[in-house]
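Below is a short briefing on selected local features of one protein chain. Please keep the sequence and the 3D view open while reading.

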Amino acid sequence: MTSSTSSSPLRERPASEARIREMLCVADQQMDTLRTLLTADRAPVAGRTIEAGGRIRYFGHACVLLQSPSVSILVDPFISSDVAAGGRFTYADLPDRLDYVLITHGHQDHVVPETLLQIRNRVGVVVVPRSGGGQRQDPSLRLFLRDLGFEVREVDDFDEIAFAGGRIVATPFLGEHSDLDIRAKSTYCVRLAGRSMFIGADSSGLDPQLYRHIRAAVGPADIGFLGMECDGAPLTWLCRPLFTQPVPRQMSVTRKLSGSNAAQAADIVRELGIQQAFVYAMGEEDWLQHVMATSYTPESFQLQQVAEFVATCRDQGVAAEHLYRQREIAWEA
Ligand SMILES: [Fe+2]
Ligand SMILES: [Fe+2]
């Protein structure tokens, strides 16, 4: 299939059955199956864009949509296809235009081809962190996404992308990569509709000093999204195929894919001046379990750390919340 045929935006613009059949090279005996995937009716979901102010919509896990009346930014797209399930935002809730897609890092729950290919026709630019180059543990997100047909902008720490009424600044991402030399990872500070947001992904707050420097460079953040998978998978869970020699178990279990614990997350909130903190990216939603391996119970260390962090924030007058599945935050201009 060529890129010109595969990018036909059937969700937004209809085509005849004959044209769809031609594009997909469907045989006579496959037509009944094809028809189960098509509909003659499209009833656009209301409220996909906003007329004033700003809005954040949480699509689950690390996927966050930031909107003003003129700009839409989608972070780490991973979207449920099940529009009938309820209790979640789906593709039907996306605006027709996504000016920017921000990718924080190359883990399978943050750069998701099955979602990216479905939104490609509405995306302006995909923003990705620059890889170190030439190392197999640190492949180029730019080349990967360009090959999928996207316009890609590669950023280094503190690179800035300005747009009408706001900006995106790439900021450092510490940790969470098993101590491997991986550079293709970035957090982002986004200013939009009068608010500043820190998108922390799975970054761990290894050193509060870093966030002091970030604040000095880009200013405080009103809202923070922080990943707290703080007892992550061991090195070999994700990276075993990269090694040419067996990895000793002791090395694997001491070099984990861990985000911030309660104390580290609290440090980030304090240093960046965050007033509204959201714990996210915990891998809890059912529609992404095919790429995640989380199996929390109420006694799990990670969830206890989240509870401790939320309590610490509240003690300090900071609003804090553990996001799950769906959430909307809106404000006046
Ligand atoms: Fe990650
Ligand atoms: Fe993650």
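The model is predicted. In it, strand 12, helix 10 and strand 13 form a right-handed β-α-β unit. A search of the whole structure turns up 1 cavity of 30 Å³ or more.

**Strands 12 and 13**

- Strand 12 covers residues 276-280 and strand 13 covers residues 319-322; the two run parallel and are joined by 4 bridges.
- Within this pairing, Gln276 of the chain is found opposite Ala319, which belongs to strand 13.
- Helix 10, residues 301-315, is the helical part of the right-handed unit that also contains strand 12 and strand 13.

**The cavity**

- The volume of the largest cavity is about 30 Å³.
- Sorted by class, 5 of the lining residues are nonpolar and 4 are polar, with no charged residues.
- In general, empty space of this kind is located by rolling a probe the size of a water molecule over the atoms.

**Gln67**

- Gln67 is part of strand 2, which spans residues 64-67.
- Is Gln67 buried or exposed? Gln67 counts as buried because its relative accessibility is 0%, and the cut-off for buried is under 20%.
- The side chain of Gln67 has a polar atom 2.8 Å from the backbone oxygen of Arg48.
- The side chains of Gln67 and Arg55 are also joined, by a polar contact of 2.8 Å.

**Residues with positive phi**

- Most residues other than glycine have a negative phi.
- Phe158, which is not a glycine, has a positive phi near 75°.
- Phe158 sits in the loop that connects strand 6 (152-155) with strand 7 (160-163).
- With a relative accessibility of 38%, Phe158 counts as partly exposed, since that value falls between the 20% and 50% limits.
- Arg325 is likewise not a glycine, and its phi is positive at about 70°.
- The loop between strand 13 and strand 14 (327-331) holds Arg325.
- Which class does Arg325 fall into at 19% relative accessibility? Arg325 counts as buried, because the limit for that class is under 20%.

Definitions and conventions. Residues numbered from 1 in each chain as written. Chains lettered and ligands numbered in written order. Predicted model: local features only at pLDDT ≥ 70, side-chain atom pairs only at ≥ 80, totals over all residues. Heavy atoms only, no water. Pairing = 2+ DSSP bridges. Right-handed = clockwise from strand over helix to strand, strands pointing away. 1 Å grid on protein atoms, 1.4 Å probe; cavity = no way out; pocket = protein on both sides within 12 Å on 5 of 7 lines; lining within 4 Å. Points joined across faces, edges and corners; volume = space filled by probe spheres on them. Nonpolar A, V, L, I, M, F, W, Y, C, P; charged D, E, K, R; others polar. Buried < 20%, exposed > 50% of the residue type's maximum accessible area, 1.4 Å probe, protein only. Polar contact = N/O pair within 3.5 Å; in protein donor to acceptor, adjacent residues only side chain to side chain.
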